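Student: I have a model open and want to learn how to read it. Where do we begin?

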Amino acid sequence: MTPKLRCRAAAFALIVAVASFSPAAAAARPAATSAAPAAPRAVAKPRIKFDPIPYDHARKRQMAAYSRRHYGEREWRLADPEAIVLHYTATSTYAPVFNTFAANAPSLGEKPGVCAQFVVGKDGTIHQLTRLYVRCRHTIGLNDVAIGVEMVQQSVGSRHGAERAILARRRQARAAVALVAWLKQRYRIPLKNVIGHAMANDSPLFEDLEGWRNDHVDWRAGDVREFRGRVAKLIRDSPR
Ligand SMILES: [Zn+2]
């Protein structure tokens, strides 16, 4: 497996951190910092309905080839997710979303077809469409590191209208927040890496060797801030 630029950057930061460590610096540290860090909060796993789309060997090969072209590494597995991307479906129901993701039709002229690991219905049902360890094409530049969470919501005329509708829909918003909080804790994903599709091009994790960029407008920063606040609150309210 070719080490990726992002991984190399992380390794370099680690080397710098180790290199700058010295016994004198350690001795000068106040005693309080030697206390063990608090245990992470245990967010309960929400109820999830496994509703798998076909993800056979052919689709895995297509995903691996897509990854080779766009990320420089032939791989279909999502080994170590570092981000969660929020989307909405631009449909009013779940069924057409499942059908689109299952169809494996080319998108932007390339296979595999689009998908996301999760779709949260308006009634709060969390559908899981693939295993967590496989990649889905939901966000250009981040499919090798990000889990995609779609929320069923049709487009509306006004900017922010769709996101506001989701955030106001009690059961759906609660389910989406519970799912993201659980995924965040499970994979130790920092809150800043819970982003909206509209924010993806600006993520430090973004990479596309073919020069592709997202042109989607779902979940801009202001609405994501509100969503993150709810995730943080749920984590705060969970037991250690
Ligand atoms: Zn999207």
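Tutor: With one residue and its surroundings. Alanine 64 has 16 C-beta neighbours inside 10 Å, so it counts as partly exposed. A residue needs 20 or more such neighbours to be called buried. One caution before we go on: this is a predicted model.

Student: Where is the place of alanine 64?

Tutor: Alanine 64 sits in helix H3, which covers residues 57–71.

Student: Leaving aside its neighbours within four places in sequence, which residues is alanine 64 in contact with?

Tutor: Arg74, Glu75 and Trp76. Look at tryptophan 76 in particular. It is twelve residues away from alanine 64 along the chain, yet their C-alpha atoms are separated by 4.5 Å.

Student: Now the whole protein. How many helices and strands does it have?

Tutor: Seven helices and six strands. Read from the N terminus, the order is α-α-β-α-β-α-β-β-β-α-α-β-α. Of the 240 residues, 32% count as buried.

Student: What share of the contacts comes from residues 24 or more positions apart?

Tutor: Take the contacts with a separation of 6 or more. Residues 24 or more positions apart make up 73% of them. Lysine 122 gives us a case. It lies in the loop between S3 and strand S4 (126–128). Methionine 151 is 29 residues from lysine 122 along the chain, and their C-alpha atoms are 7.5 Å apart. Beyond its neighbours within four places in sequence, lysine 122 is in contact with Val152, Arg169 and Gln172.

Student: Is lysine 122 buried or partly exposed?

Tutor: Partly exposed, because 18 other C-beta atoms lie within 10 Å. Now compare phenylalanine 206. It has 20 other C-beta atoms within 10 Å, so it is buried.

Student: Where does phenylalanine 206 lie, and what does it touch?

Tutor: Phenylalanine 206 is in the loop between S6 and H7. Not counting residues up to four places away in sequence, it touches Gly141, Leu142, Ala200 and Asn201. Asparagine 143 is 63 residues away along the chain, but the C-alpha atoms of the pair are separated by 9.2 Å.

Student: Let us turn to helices. What is the general idea?

Tutor: An α-helix has 3.6 residues a turn, so residues three or four places apart point the same way. Now take H6 as the case. H6 has 18 residues and reaches 26 Å from its first C-alpha to its last. That is close to the 26 Å expected at 1.5 Å a residue.

Student: Which residues are buried in H6?

Tutor: Gln172 is buried, and so is Ala175.

Student: At what angle do H6 and H7 pack?

Tutor: Helix H6 (residues 170–187) and helix H7 (residues 221–236) pack at about 65°, with axes 9 Å apart. The two are therefore roughly perpendicular to each other. Their crossing is right-handed.

Student: Which residues in H6 meet which in H7?

Tutor: On the H6 side, they are Val177, Ala178, Val180, Ala181, Lys184 and Gln185. On the H7 side, they are Phe227, Arg230, Val231, Leu234 and Ile235. By class, this contact has eight nonpolar, one polar and two charged residues.

Student: Last topic: the backbone. What should I look for?

Tutor: Exceptions. Most residues other than glycine have a negative phi, and most peptide bonds are trans.

Student: What is phi of alanine 90, and of tryptophan 219?

Tutor: Alanine 90 has a positive phi near 60°. Tryptophan 219 also has a positive phi, near 60°. Alanine 90 lies in the loop between strand S2 (83–88) and H4. Tryptophan 219 is in the loop between strand S6 (194–196) and H7.

Student: Where is the cis peptide bond?

Tutor: Between lysine 111 and proline 112, with omega about 5°. Proline 112 is in the loop between helix H4 (95–103) and strand S3 (118–120).

Key:
Residues numbered from 1 in each chain as written. Predicted model: local features only at pLDDT ≥ 70, side-chain atom pairs only at ≥ 80, totals over all residues. Axes fitted to C-alpha atoms, helices over the stretch in contact; angles between N-to-C directions. Helix = DSSP H or I, 4+ residues; strand = E, 2+ residues; numbered from the N terminus. Parallel < 35°, antiparallel > 145°, perpendicular 65-115°, else oblique. Left-handed = near helix turned anticlockwise from the far one by under 90°. Contact = placed C-beta atoms within 7 Å. Nonpolar A, V, L, I, M, F, W, Y, C, P; charged D, E, K, R; others polar. Buried ≥ 20, exposed ≤ 12 C-beta atoms within 10 Å, placed from the backbone. Expected span 1.5 Å × (residues − 1).
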